[in-house]
Amino acid sequence: MSDALFFWRRMEALSVEQMNDAERLCYVLGSLFAADVLNGGFWQFFYNIDALEYDEVIDGLRTVGAHSTLELLFRARGLLPDGGQKKLDEARETALPNPSVFAEVNKQFYSSLSDEVYNRVEAYAASQGLF
């Protein structure tokens with residue numbers, strides 16, 4: 001088993017309370033962000049995420065240097081009602097737009113940026129001694 005695969009399996013076994021800061025960053029980017037977007041697009045991500053976790057995703061993408069993905073996330077947020085100015089919890093309560101609104105940003109993420117996130121998270125994890 002590769003070191004990266006072992007790392008992701010170990011992460012799945014940890015509770016959030018057991019994670020240190022570096023592990024939490026990897027969890028937020030891999031499990032809360034990238035996995036949601038890969039599973040159901042940015043619509044699913046915005047439906048599932050809360051404002052605190054969203055801020056963690058932004059900080060995490062900056063930390064690992066996934067700038068193209070961060071830019072795409074901001075574009076996707078701008079597709080929310082009021083251009084994403086509402087708090088995420090309020091936007092979810094009032095109504096998210098139809099998932100098809102996110103088709104173009106989803107396509108861009110699927111075509112190249114999901115690899116950017118996972119590759120950068122794994123490089124960050126290795127630099128932090130997590131594997």
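This is a predicted model: local features need pLDDT of at least 70, side-chain atom pairs count only at pLDDT 80 or more; totals for chains, interfaces and linings use all residues.
Student: Where does helix α2 run, and what does its span tell me?

Tutor: Compare the straight length with the span in the model. Helix α2 covers residues 21-48. A straight helix of 28 residues would span 40 Å, at 1.5 Å a residue. The end C-alpha atoms of α2 span only 22 Å.

Student: On which residue is the kink in α2 centred?

Tutor: Look at glycine 40. The kink in α2 is centred there, and its angle is about 130°.

Student: What does asparagine 20 do at the start of α2?

Tutor: Check its side chain against the backbone. A side-chain oxygen of asparagine 20 comes within 3.0 Å of the backbone nitrogen of alanine 22.

Student: Now helix α1. Which of its residues are buried?

Tutor: Buried means under 20% relative accessible area. In α1, residues 3-13, the buried ones include Ala4, Phe7, Trp8 and Met11. They lie on the same side of α1, because they cover an arc of only 95° around the axis. Turn to the other side of α1, and Glu12 and Ala13 are exposed.

Student: What covers the buried residues of α1?

Tutor: Look at the neighbouring elements. Among those covering these residues are α2 and α6.

Student: Which residues does asparagine 106 touch?

Tutor: Leave out residues up to four places away in sequence. Asparagine 106 then touches Gly41 and Phe42. Find both within residues 21-48, the stretch of α2.

Definitions and conventions:
Residues are numbered from 1 along each chain as its sequence is written. Side-chain values use heavy atoms; hydrogens and water are left out. Helices (H or I, at least four residues) and strands (E, at least two) are DSSP runs, numbered from the N terminus. The expected span of a helix is 1.5 Å times one less than its number of residues. The bend at a residue is the angle between axes fitted to the seven residues ending there and the seven starting there. A polar contact is a pair of N or O atoms within 3.5 Å; within protein, one must be able to donate a hydrogen and the other to accept it, and residues adjacent in sequence count only if both atoms are side-chain atoms. Contact means heavy atoms within 4.5 Å. Buried means under 20% relative accessible area, exposed over 50%, partly exposed in between (1.4 Å probe, protein chains only). The arc is that of the directions from the helix axis to the C-beta atoms.
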